[in-house]
Amino acid sequence: MEFTSWDKIETENLSATISRKMMSGEHSTLARVFLAKGAIVPRHAHDSEQFSWIVSGALRFLFDDRELVVGAGELLFIPSNEPHAAVALEDTVDIDFFAPRREDWITKNDAYLRK
């Protein structure tokens, strides 16, 4: 068991427009991602299923067959291995839950975000 608060978790500055705080268990990862207006999450895919909850702001998600704007208070489920990208339409706070856990984030092998 681990007990903490977002304030106590280290902030990772991934780029000039994206930062995050995260916590992982044996099988899952929970992250609080901060995206400045105009931030771009490049196209990628991962083995993990992803739930994204937009706490504030809005993200435009880009999929191979559609685009979807997700705003404050809305949730999005992205299946495993679904290629996607995102653009911050305004300053955004996003809570992401992944299962299985994001090994690439834990080991900092997420170069697509670190630009």
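Modeller: Let's start with Phe97, which is partly exposed at a relative accessible area of 34%; buried means under 20%, exposed over 50%, and partly exposed in between (1.4 Å probe, protein chains only). This is a predicted model, in which local features need pLDDT of at least 70, side-chain atom pairs count only at pLDDT 80 or more, and totals for chains, interfaces and linings use all residues. Residues are numbered from 1 along each chain as its sequence is written, and side-chain values use heavy atoms, leaving out hydrogens and water.

Biologist: Which strand holds Phe97?

Modeller: Phe97 is in strand 10 (residues 92-99). Strands are DSSP runs of E, at least two residues, numbered from the N terminus.

Biologist: What is the strand order of the open sheet?

Modeller: Two strands pair if DSSP finds at least two bridges between them. Here 6 strands follow the order 1-2-3-10-5-8, with antiparallel pairing. Strand 1 (12-13) and strand 8 (75-78) are the edges, each pairing on one side only. Strand 1 is joined to strand 2 (residues 18-24) by 2 bridges, and Asn13 stands opposite Ser19 in strand 2.

Biologist: Which residues touch the most other members of the largest nonpolar core?

Modeller: In soluble globular proteins, nonpolar side chains tend to be buried together. A core is a set of buried Ala, Val, Leu, Ile, Met, Phe, Trp, Tyr and Cys residues joined through side-chain atoms within 4.5 Å. Among its 21 residues, Ile18, Leu35, Val41, Phe61, Trp105 and Leu113 touch the most other members.

Biologist: What is Val41 in contact with, leaving aside neighbours within four places in sequence?

Modeller: Contact means heavy atoms within 4.5 Å. The partners of Val41 are Ile18, Leu35, Ala85, Ala86, Tyr112 and Leu113.

Notes. Helices (H or I, at least four residues) and strands (E, at least two) are DSSP runs, numbered from the N terminus.
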